[in-house]
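Here are some exercises to work through with the structure open beside you. Try each task before you read its solution.

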Amino acid sequence: MEELQPQELAAYTPADAPVPTGEIVVERGSTSQEMAPRLNRSAADVVRFLLQQGEMMTATQSLTDEMIELFAVEVGATVRIVDPGAEQEEVLQKMLGLDTVSEDDDGTVRPPVITVMGHVDHGKTLLLDRIRNANVVDNEAGGITQHIGAYQVEYNGKSLTFIDTPGHEAFTAMRARGAEATDIVVLVVAADDGVMPQTAEAIVHAKAAEVPIVVAINKIDRDGADVNRVLAQLAEHELIPESYGGDTVTVEVSALQSLGIDDLLEQLLLVAEVSELTATPDGRASGVVLESYLDKGRGPVSTILVQRGELKVGQPLVAGAAWGRIRALINDRGEQLKAVGPSTPVEVLGLSDVAAAGAAFIVAQDEKTASKVADTREHWQRQASFANAAAAASGGAKLEDIFRQIQAGETATLNLIVKADVHGSLEALVESLKRLERDEVKLAFVSRGVGGITENDVQLAAAANATLLGFNVRADRKGRALADELGVEVRHYEIIYQLLQDIENAMLGMLEPEYEEIITGDAEVREIFKVPRIGSIAGCHVLNGVITRNSKVRFLREGTIIWRGTVSSLRRFTEDVREVATGFECGIGLSDFQDLRPGDIIETFDEREIPRV
């Protein structure tokens with residue numbers, strides 16, 4: 001046990017000294033030395049108490065939440081455990097001048113921000129597709145929208161901003177965030193399905209945000225469509241349609257056949273006009289981050305919604321723990337803009353890091369202030385991550401061990417490290433996984449982040465005895481090798497409900513046989529060749545294994561999957577070949593994919609069915 005220093009002994013507090021009254025704030029992951037003075041006790045008191053509970057802790061080791069709460073109960077104190085830096089955030093907001101930024105506006109009319117919500121597969125994205133005259137659905141895994149999209153359209157000379165929130169149950173957090181940033185909710189309900197669980201959930205979010213709800217009754221062209229049944233179900237959820245004498249606007253549409261789209265837009269403009277939406281278009285801009293991800297060529301990219309003020313290229317911006325001077329503002333049509341005003345969604349380039357989805361952003365007074373605030377927030381977020389890792393390392397199990405512990409009658413803790421391609425998906429994954437917790441199985445999130453799975457992630461998983469989950473991202477070759485060496489369990493997923501089903505099945509001890517992917521080869525794109533009537537060919541160097549013609553392919557950029565398909569052609573110099581081994585150069589043609597860049601990785605694989613543990 002660690003000895004107390006003379007200065008600590010001199011400050012020793014008697015065990016019967018009165019405990020401070022009221023709620024005492026204690027930072028998560030505090031040591032005995034840090035926590036004890038707040039409770040008018042010494043570090044030795046804490047260490048001694050924990051030893052009596054069978055916990056061997058030194059005065060400088062981080063304490064778990066349970067340890068902090070147990071000691072607080074022992075001495076009769078009321079504590080509130082907060083993430084490191086929570087108390088300092090108030091100081092940072094004053095540095096940014098948030099305490100002096102006026103929420104008032106000057107009465108200038110702004111476009112309405114409209115969030116589209118509803119049950120999975122009820123046609124939200126296709127409805128926006130018709131409004132925007134673009135095709136978004138085809139690019140989504142499994143046909144389910146998995147990222148937030150923000151779009152601005154013109155109709156009858158007026159602008160409308162749409163936020164498309166994913167409809168799957170797993171994305172509750174993203175839907176909730178969308179509702180908080182919106183003026184009007186469009187609730188999409190399929191006429192043949194009626195009100196479903198996610199529809200009811202979307203109604204709750206919309207009501208909580210206290211915004212008008214316009215119901216788009218979609219798929220009226222389908223066999224089995226029953227509009228009257230939908231109207232009755234809406235009334236049961238306290239959305240009384242106008243035809244029933246209520247004030248809820250309903251519009252019958254068919255996104256597939258482009259019916260009722262104009263009527264819907266006219267109703268939205270009418271609701272917006274009645275709501276008298278205004279904001280000041282001048283002054284320092286502020287708003288919310290809707291989505292963020294890391295792009296190899298452009299760096300950190302954040303989709304933001306400006307809520308007040310004017311955002312300009314060149315201004316210093318701070319969003320959570322990320323900051324930077326704005327390098328570019330890009331709208332949903334890919335056009336670069338110099339400045340944007342309220343209710344405008346844009347992609348921002350120039351931030352130092354991937355901003356947290358849902359984080360508030362503001363234009364700072366200067367770069368020095370933006371840098372200091374972001375760096376301080378990043379420091380405290382890192383401290384919170386260390387605290388979580390320290391707590392997880394003291395116990396927990398891998399996914400493959402979890403059912404054995406449950407069968408033995410033990411309370412099991414599943415340690416997880418979660419990596420995803422974009423921040424919104426990461427947030428939704430974590431929230432969805434938390435809902436899987438049961439009395440006998442607890443989840444501990446050792447770390448979570450955006451981007452490919454790295455060697456550092458694998459090392460952290462090994463240290464914390466954690467399972468690594470990758471959603472739409474992959475481990476690179478070095479990461480895979482290290483995982484094999486250290487015995488770290490790494491699982492990759494591209495559809496969120498498959499990930500959730502696997503975790504739930506593991507908890508229930510009902511894992512079904514699965515297909516194991518055997519990585520057969522990795523090749524790095526070195527050059528791009530244009531071939532007439534064929535298109536782009538990737539000039540590659542085979543890094544590992546063997547690349548075989550017609551094999552299945554994943555195309556990776558910075559560890560993120562951007563395409564899947566097959567090797568359609570394989571050549572060595574001018575000859576077609578069946579395979580190319582490690583260390584050799586070759587030309588690879590891919591089926592239906594042309595967006596090739598030097599540094600990209602072509603990963604080939606086979607599948608075989610194996611029984612799960």
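**Exercise 1. A link across the chain**

Which kind of contact do the side chains of E494 and R564 meet in? Keep in mind that you are looking at a predicted model.

*Solution.* 
Step 1: Find the two side chains and look at their N and O atoms. They meet in a salt bridge, at 2.9 Å from N to O.
Step 2: E494 sits in the loop between β22 (490–493) and α16 (496–508), while R564 belongs to strand β26, so the pair ties together parts that are 70 residues apart in sequence.
Step 3: With 39% relative accessibility, R564 counts as partly exposed.

**Exercise 2. One more bridge, then the total**

*Solution.* 
Step 1: E367 makes a salt bridge with R325, and their closest N and O atoms are 2.6 Å apart.
Step 2: E367 is in helix α11 (residues 367–393) and R325 in strand β13 (residues 322–325), so to speak two distant parts of the chain, 42 residues apart.
Step 3: Now accessibility. E367 has 32% and counts as partly exposed; R325, at 40%, counts as partly exposed too.
Step 4: For the whole model, the count comes to 27 salt bridges.

**Exercise 3. A buried bridge and its network**

Are E603 and R554 buried or exposed? Work out what else R554 is involved in.

*Solution.* 
Step 1: The side chains of E603 and R554 meet in a salt bridge, 2.9 Å from N to O.
Step 2: The bridge links distant parts of the chain, with E603 in strand β30 and R554 in strand β25 (residues 552–557), 49 residues apart.
Step 3: Buried means under 20% relative accessible area. E603 is at 1%, so E603 is buried. R554 has a relative accessible area of 1% as well, so R554 is also buried.
Step 4: Follow the shared partners. Salt bridges join R474, R480, D522, R554 and E603 into one network.
Step 5: R554 has a ring contact too: R554 lies over the face of F605, 4.1 Å from the ring centre.

**Exercise 4. Rings in pairs**

How many aromatic pairs are there?

*Solution.* 
Step 1: The count comes to three aromatic pairs.
Step 2: To describe a pair of aromatic rings, you give the distance of the centres and the angle of the planes.
Step 3: For W563 and F593 that is 5.0 Å centre to centre and 25° between the planes, and the pair is stacked.
Step 4: The pair links distant parts of the chain: W563 is in strand β26 (residues 560–572), and F593 is in the loop between β29 (585–590) and β30 (601–610), 30 residues apart.
Step 5: Both W563 and F593 are buried.
Step 6: Ring pairs link F555, W563 and F593 into a cluster.

**Exercise 5. Positive phi**

Where do E276 and F573 lie?

*Solution.* 
Step 1: Recall that most residues other than glycine have a negative phi.
Step 2: E276 has a positive phi, near 50°, and is found in the loop between α10 (261–275) and β9 (286–295).
Step 3: F573 is not a glycine either, yet has a positive phi of about 60°. F573 lies in the loop between β26 and β27 (575–576).
Step 4: Exposed means over 50% relative accessible area. E276, at 64%, counts as exposed, and F573, at 74%, is exposed.

Terms used. Residues are numbered from 1 along each chain as its sequence is written. This is a predicted model: local features need pLDDT of at least 70, side-chain atom pairs count only at pLDDT 80 or more; totals for chains, interfaces and linings use all residues. Side-chain values use heavy atoms; hydrogens and water are left out. Rings of Phe, Tyr and Trp (its six-membered ring) pair if their centres lie within 6.5 Å; planes under 30 degrees apart count as stacked, over 60 as edge-to-face and the rest as tilted. Helices (H or I, at least four residues) and strands (E, at least two) are DSSP runs, numbered from the N terminus. Buried means under 20% relative accessible area, exposed over 50%, partly exposed in between (1.4 Å probe, protein chains only). A charge sits over a ring if NZ of Lys or CZ of Arg is within 6 Å of the ring centre and within 35 degrees of the ring normal. A salt bridge is a side-chain nitrogen of Lys or Arg within 4 Å of a carboxyl oxygen of Asp or Glu.
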